Amino acid sequence: MKLNEILAQVKQQPLLLIFASVLILLLFLCLWKRQQILSGYREWRIQRILKQLGCEQIRNLTCPDGLDGYYNIDRLALLKNSILVISYKPYSGNIYCAERISEWTQMVGKQSFKFENPLFELENQLTALRQLAGTNEIQGYLFFNHNAEFPKGHPASVMHPDNIPDRFLQGNSDEVRADIHAAWKLLGQYQPESSLTNAARVKT
């Protein structure tokens, strides 16, 4: 078929031409924004994973730190025998860390960055929450996504998508201990009155 004949057929089918143009434009946009699209998809997957923790969750809770300030708690999850605090750390690259050192190191390519050991802040958050809820049955974990690697290992309180304990995954709220459920209700009642953000309580 000659080029003139092909062009004549295309002119006779304007909808096909529009569809082909839109398809080419979308393909171009996908190639141009592929890194942002992949990053958004990965973050969506991480949020889905996080929502599977516990049988109920409270997001973005704020509580007093005892020094006229507030801690912002990323996520609380209700478990059968405890309340889980998850502090999400979306770092990338290689992370070199240890439980008690004051600073951790992030390596991205040949660049090195120091940041304060986040376990220290997590422990302070746990102390504040335990006082608020009236129970010591509150445990905390840092959560890193697939973009972070730990070449020399990490503390037990560091969690990532490949090492989530089965006991943290969704369960039945009817199985929750009575004292844990009471502490959870205390936190839920406290949040709307003290929160400095538009926090939301979600049930998974």
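User: What is the accessible surface of the chain, and how much of it belongs to carbon and sulfur atoms?
Analyst: In this predicted model, the accessible surface comes to about 13,100 Å². Carbon and sulfur atoms hold 53% of that surface.

User: How many of the 204 residues, as a percentage, count as buried?
Analyst: Of the 204 residues, 35% count as buried. A residue is put in that class when its relative accessible area is under 20%.

User: Why is C55 called buried?
Analyst: The cut-off is under 20% relative accessible area. C55 has 6% relative accessibility, so C55 counts as buried.

User: What makes C63 buried?
Analyst: The relative accessible area of C63 is 0%. That value is under 20%, therefore C63 is buried.

User: How many disulfides are there?
Analyst: The count comes to 0 disulfides. A disulfide needs a pair of cysteine sulfur atoms within 2.5 Å.

User: How many aromatic pairs does a search of the whole structure find?
Analyst: The search finds 6 aromatic pairs.

User: Why is the pair of W104 and F115 called edge-to-face?
Analyst: Rings pair if their centres lie within 6.5 Å, and planes over 60 degrees apart count as edge-to-face. The centres of the W104 and F115 rings are 6.1 Å apart and their planes stand at 70°, so both conditions hold and the pair is edge-to-face.

User: Where in the chain do W104 and F115 lie?
Analyst: W104 is in strand 5 (residues 103-108) and F115 is in strand 6 (residues 111-116), 11 residues apart. Both W104 and F115 are buried.

User: Which residues do ring pairs link into a cluster?
Analyst: The cluster consists of Y91, W104, F115, F144 and F150.

Notes. Residues numbered from 1 in each chain as written. Predicted model: local features only at pLDDT ≥ 70, side-chain atom pairs only at ≥ 80, totals over all residues. Heavy atoms only, no water. Phe/Tyr/Trp six-rings, centres within 6.5 Å; stacked < 30°, edge-to-face > 60°. Helix = DSSP H or I, 4+ residues; strand = E, 2+ residues; numbered from the N terminus. Buried < 20%, exposed > 50% of the residue type's maximum accessible area, 1.4 Å probe, protein only. Areas by Shrake-Rupley, 256 points an atom, 1.4 Å probe, with all protein chains shown as cover.
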